[in-house]
Amino acid sequence: MIARRSVWPRPEIQELAQQFVAVADEVHRLQSGTDPDCKWFQLIAEQGHYAGRTQPTATRQGIYFATPSGKFLGSLNSNRWEQVASKMEDALQAWRQQAISDRLNPTIDSDFLSQSKRKEDKYPVGGLVWKVYSRDLPRDTADGRSDWRSSAWNQDFAWVSRDEVDQLLPVSWEQGKRHQLSDAIVRRLCIAHLVDNVRGQTPPYRPEHVEVAEGTVEVAFEKDGVVELIYRGKTRTVAKGSWSINDRRDAMSPQFHQRGVETSWLGKASYNKSEERFEQFELVFAGTRWGATQYNGRHDDLDPAPIGFVLKMVDDRPLNRVAPELFWSYGW
């Protein structure tokens with residue numbers, strides 16, 4: 001989160017990045033998985049800045065530079081753009097010094113790599129995909145922060161399978177009539193997407209944490225076979241228990257905490273009846289968050305404060321075929 005704000009927007013970094021093929025992925029799976037792409041990453045990471053590390057964690061988080069063949073060119077974990085730029089230049093120099101055969105001759109067989117199984121394999125073809133944005137909303141009183149946290153935001157993707165799309169439609173096309181939605185999709189949003197990840201990462205809620213997951217859909221009007229739909233609803237999710245909230249600094253002494261998110265939500269959609277697909281679909285959730293989790297940057301910001309989420313339908317271009325961060329909580 002910090003690196004996204006402090007490193008990658010820099011014009012110096014963006015210019016250097018033009019000479020690389022940039023890839024971003026979740027490190028937990030890569031550093032601990034057994035799929036071929038995980039093994040490829042582990043081969044690289046064990047030559048880098050956290051090689052052999054087991055304490056305080058076994059993370060291999062960071063930025064790595066390597067050839068397509070799997071030759072290590074450098075790595076670091078830094079939020080300072082000057083350090084990242086310097087390491088990128090070093091990696092480019094190391095690349096230029098390598099023979100073409102060393103750059104491209106694979107360390108791991110490409111057929112073996114193609115056997116990897118990823119969350120993206122579950123992409124909901126024919127279903128619905130939203131891009132999810134989360135951010136703090138303006139507060140009545142300043143929270144005393146003038147650094148990156150005051151304008152932090154995050155993004156994710158939310159999936160609805162082809163078989164689930166009907167749950168978002170009214171039972172009849174009668175104009176002006178409001179229909180109750182099945183709560184299944186709203187509950188999933190509460191568990192996996194209406195979470196306070198604005199400043200960092202946070203775990204999903206569990207099904208029993210969802211206290212309210214309400215939604216209705218109303219037919220506004222129909223024109224040329226396209227129905228305009230209006231959505232409304234409320235959510236409330238609360239978790240209680242003992243956990244750490246200050247990165248790793250209090251990991252050995254977890255305390256009792258409560259965290260939660262409560263929202264009201266509105267949405268609009270355009271549904272093409274003859275093609276049986278949504279042409280447009282946007283949802284806005286606005287409400288209150290409170291509490292913290294270990295890595296979400298809220299250890300000193302526990303009191304209730306406003307938060308917002310926007311879900312915007314996207315197409316199926318490759319850049320949008322990214323699995324939800326908390327996909328494993330979907331139960332698919």
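Mentor: Buried means under 20% relative accessible area, exposed over 50%, and partly exposed in between (1.4 Å probe, protein chains only). The model is predicted: local features need pLDDT of at least 70, side-chain atom pairs count only at pLDDT 80 or more, and totals for chains, interfaces and linings use all residues. Side-chain values use heavy atoms, with hydrogens and water left out, and residues are numbered from 1 along each chain as its sequence is written.

Trainee: How many of the nine residues of α8 are buried?

Mentor: Elements here are DSSP runs numbered from the N terminus, namely helices (H or I, at least four residues) and strands (E, at least two). In α8, the buried residues are Ile-185, Val-186, Arg-188, Leu-189, Cys-190, Ile-191 and Ala-192. The element is mostly covered, and its buried residues number seven.

Trainee: Which element gives the most to the lining of the largest cavity?

Mentor: The lining consists of Trp-130, Leu-168, Leu-181, Ile-185, Val-186, Leu-189, Tyr-231, Trp-265, Phe-281 and Leu-283. Two elements, α8 (184–192) and β9 (277–290), each give two or more residues to it. With three residues, the element that gives the most is α8.

Trainee: By class, how many nonpolar residues has the lining of the largest cavity?

Mentor: Ala, Val, Leu, Ile, Met, Phe, Trp, Tyr, Cys and Pro count as nonpolar, Asp, Glu, Lys and Arg as charged, and the others, Gly among them, as polar. This lining has no polar and no charged residues. Its nonpolar residues number ten.

Trainee: Which element gives the most to the lining of the second largest cavity?

Mentor: Among the residues that line the second largest cavity are Asp-196, Thr-202, Tyr-205, Arg-259, Gly-260, Val-261 and Trp-290. By class, this lining has four nonpolar, five polar and two charged residues. The element that gives the most, with three residues, is β8.

Trainee: Which element gives the most to the lining of the second largest pocket?

Mentor: A pocket is an open set of points with protein on both sides within 12 Å along at least five of seven lines. The second largest pocket has a volume of about 470 Å³, and among its 21 lining residues Gly-126, Gly-127, Leu-128, Arg-277 and Phe-278 lie nearest its centre. The elements that give two or more residues to the lining are β3 (128–136) and β9. With three residues, the element that gives the most is β9.

Trainee: How many charged residues has the lining of the second largest pocket, by class?

Mentor: The lining of this pocket includes ten nonpolar and two polar residues. Its charged residues number nine.

Trainee: What is the angle between the planes of Trp-173 and Tyr-271?

Mentor: Rings of Phe, Tyr and Trp (its six-membered ring) pair if their centres lie within 6.5 Å; planes under 30 degrees apart count as stacked, over 60 as edge-to-face and the rest as tilted. The structure holds 15 aromatic pairs. The pair of Trp-173 and Tyr-271 is stacked, at 5.8 Å centre to centre, and the angle between the planes is 15°.

Trainee: How many residues apart in sequence are the parts that the pair of Trp-173 and Tyr-271 ties together?

Mentor: Trp-173 lies in the loop between β4 (153–160) and β5 (178–180), whereas Tyr-271 belongs to strand β8 (residues 255–272). Both residues are also members of one aromatic cluster, together with Trp-130, Tyr-231, Phe-278 and Phe-281. The pair therefore ties together parts whose separation in sequence, in residues, is 98.

Trainee: How far apart in space are Trp-8 and Gln-180, C-alpha to C-alpha?

Mentor: Trp-8 is placed in the loop between α1 (2–6) and α2 (11–17). At 35% relative accessibility, Trp-8 counts as partly exposed. Trp-8 and Gln-180 are 172 residues apart in sequence, and their C-alpha to C-alpha distance is 44 Å.

Note on methods:
On a 1 Å grid over the protein atoms alone, a cavity is a set of points where a 1.4 Å probe fits but cannot get out, and a pocket is an open set with protein on both sides within 12 Å along at least five of seven lines; lining residues have an atom within 4 Å of a point. Grid points are joined across faces, edges and corners, and a volume is the space filled by probe spheres set on the points.
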